[in-house]
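With the model open in your viewer, please follow the stops below in order, making each selection before reading what is there.

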Amino acid sequence: MLRRIGRPELGSIALTAIVTVYLLAITNMSFWRHAALYFDHSRLSLLSFGTALALATFAVLTMVSVKYVMKPVLIFLIVASASAAYFVDYFGVIIDKDMIGNAAVTTQAEASHLLTGSLMLHLIIYAVIPSLFVIWVKVRHRRFFAKAGINLAIVVPSLLVSGGLIYSDFASVAYVIREHKDLMKRFNPTGPVSAAVRYAASTYKERNIVVQPLGTDARQGARVAAAGKPVVVVVVAGETARAMNFSLNGYQRETNPELKSLDVINYTDTTSCGTATAVSLPCMFSVYPRSEYTDWKARSTENLVNVLTRAGVSVSWWDNNTGSKGIADLINFASMTGQKDSPLCNNGECLDEIFLGELDKKLSATKANSVIVLHQLGSHGPSYYLRYPEKFRKFKPDCRTPELMKCSVEEITNAYDNTILYTDYVLASVARLLEKHQNDVSGAMIYMSDHGESLGENGIYLHGAPYAIAPREQTQVPFVTWFSKPYQAAMGVDTRCLAKETDQPKSHDNLFHTVLGMMDVETKVYDRTLDAFANCTRQGPAGAPNGAAFQAADTAKDLPAAIVPANALPGANAL
């Protein structure tokens with residue numbers, strides 16, 4: 001007969017030591033690789049720093065080695081560390097507050113692309129099995145006062161030695177942490193756990209937020225009034241498109257054949273506000289420049305679509321992504337992803353062509369000055385191959401799995417470039433629809449991507465890197481515009497003049513003021529110096545003297561002091 005295997009028995013300090021070693025050695029591979037790189041000037045400093053971290057971790061885990069508390073805490077830390085390690089090690093991402101925010105608002109369809117067999121296997125090996133060991137092992141606990149004395153005798157010396165090691169080489173350690181702020185964000189479990197705590201705290205703080213009105217003086221100007229037909233601006237908010245893969249910007253592959261055939265204005269040096277949608281999208285539509293932008297400010301101040309609405313412009317938001325991040329809460333909002341009977345949709349996601357039929361119908365029925373925002377799915381990864389139909393599968397072999405580590409860099413790039421080729425087609429189609437309806441509307445299109453993407457450069461994939469250390473692949477975005485002939489005539493846009501300025505640096509800071517200028521909205525919060533087209537646009541109606549009705553204003557000083565509830569915006573069109 002088989003003998004029953006008894007449960008192993010360990011003291012609480014022994015189990016704490018085992019888990020400490022496991023967390024440091026197994027779930028922190030990326031952290032140690034970067035630490036070795038950042039401390040390459042002194043291996044002794046790295047050894048001292050690593051020992052200090054190990055002692056501090058051991059001391060903290062010892063503090064929670066209390067009966068009924070110890071095992072749940074250790075299991076939580078193992079699972080959190082193993083989960084974070086997968087994305088940090090394989091994709092090179094950093095789990096910071098913004099990344100936690102992205103995860104919190106992701107859709108089921110978007111999340112499903114990350115729930116791969118590789119992730120499941122990783123979690124079974126590095127989270128489930130170690131957790132089962134912690135559950136299985138029998139822990140010996142001393143009586144309360146004896147345990148308190150022993151734990152204190154371990155915790156205090158460990159923290160003192162840890163502090164002493166840091167203090168003895170403080171200059172070196174302080175330099176590395178100051179110059180490489182990403183290092184401690186990579187450390188498991190404190191990096192992701194502290195990020196989650198910060199995100200929860202900020203969410204709790206914002207639960208009762210009220211919104212400050214913006215542009216209460218907004219009105220439409222003389223140019224748009226004299227246009228003779230409705231002025232329509234289509235704002236295409238791109239997703240995960242990086243500028244360097246646009247052939248319009250010099251990329252060696254022809255990824256923009258359709259736009260190239262049109263008379264578009266392409267800005268070659270445009271910088272994003274963030275590296276993830278949850279940051280960049282609200283920032284794009286915010287009055288605040290990136291240097292002043294915070295999530296709190298964005299949520300407590302009305303945005304571009306509210307100012308346009310207040311000026312009497314009909315504003316609609318059509319979403320083929322994960323929502324407007326609060327931007328379109330008070331305007332007409334339509335989600336494209338719910339169309340189950342469309343051949344363009346599958347499993348809760350739709351190809352961006354889904355916009356075109358609806359836009360064609362909208363333009364034929366438009367009777368008022370309008371702004372239509374199209375929020376693309378674009379090039380969102382890691383399932384790039386699902387972002388374009390078969391006829392746009394030009395670059396082969398393309399990566400056909402969300403598990404990017406199974407594909408070569410060439411295959412990943414091919415799949416990504418196909419998404420850019422498809423976006424090129426969608427943007428050109430938007431311009432052609434505006435041209436098709438030019439007898440009915442004076443139309444223009446403005447396109448900016450929210451952020452870029454890393455495709456394996458320096459071992460980094462996807463996006464969401466902290467902005468201070470983000471590679472240019474994630475921060476340099478395309479910015480393309482197109483104007484119909486009726487729009488140019490009515491609004492006084494000189495495209496030849498604009499073509500001479502395309503190499504001037506632009507950023508997401510420009511979008512708010514540029515769209516206001518495109519719709520001839522007069523308000524003190526409009527800053528002409530941030531309107532990308534102002535230098536090449538007539539300020540008065542055709543035949544009238546050139547002169548701006550409103551001068552550029554210091555936005556911060558012009559924000560009204562009153563605080564009103566978000567639902568107090570007059571003229572909002574709720575669904």
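Begin by selecting phenylalanine 31 and phenylalanine 49, both of which are buried in this predicted model. Their ring centres lie 6.4 Å apart with the planes at 35 degrees, so the pair is tilted, and it links distant parts of the chain, with phenylalanine 31 in helix H2 (residues 29-38) and phenylalanine 49 in helix H3 (residues 43-63), 18 residues apart.

Next, select phenylalanine 392 and tyrosine 422, an edge-to-face aromatic pair at 5.1 Å centre to centre, with 65 degrees between the planes. Phenylalanine 392 belongs to the loop between strand S11 (370-375) and helix H18 (409-436), whereas tyrosine 422 is in helix H18, so the pair ties together parts that are 30 residues apart in sequence. Phenylalanine 392 counts as buried at 11% relative accessibility, and tyrosine 422 counts as buried at 1%.

Two charged side chains come next: the charged end of arginine 242 sits over the ring of tyrosine 416, 5.8 Å from its centre, and that of lysine 391 sits over the ring of tyrosine 425, 5.8 Å from its centre.

Finally, turn to the largest pocket, with a volume of about 1,200 Å³; of its 40 lining residues, the closest to its centre are Ala278, Val279, Tyr293, Thr294 and Asp295. That lining divides into 18 nonpolar, 11 polar and 11 charged residues. For the second largest pocket, of about 800 Å³, select Phe87, Met99, Asn102, Ala103 and Leu114, which lie nearest its centre among 34 lining residues.

Key: Residues are numbered from 1 along each chain as its sequence is written. This is a predicted model: local features need pLDDT of at least 70, side-chain atom pairs count only at pLDDT 80 or more; totals for chains, interfaces and linings use all residues. Side-chain values use heavy atoms; hydrogens and water are left out. On a 1 Å grid over the protein atoms alone, a cavity is a set of points where a 1.4 Å probe fits but cannot get out, and a pocket is an open set with protein on both sides within 12 Å along at least five of seven lines; lining residues have an atom within 4 Å of a point. Grid points are joined across faces, edges and corners, and a volume is the space filled by probe spheres set on the points. Ala, Val, Leu, Ile, Met, Phe, Trp, Tyr, Cys and Pro count as nonpolar, Asp, Glu, Lys and Arg as charged, and the others, Gly among them, as polar. Rings of Phe, Tyr and Trp (its six-membered ring) pair if their centres lie within 6.5 Å; planes under 30 degrees apart count as stacked, over 60 as edge-to-face and the rest as tilted. Helices (H or I, at least four residues) and strands (E, at least two) are DSSP runs, numbered from the N terminus. Buried means under 20% relative accessible area, exposed over 50%, partly exposed in between (1.4 Å probe, protein chains only). A charge sits over a ring if NZ of Lys or CZ of Arg is within 6 Å of the ring centre and within 35 degrees of the ring normal.
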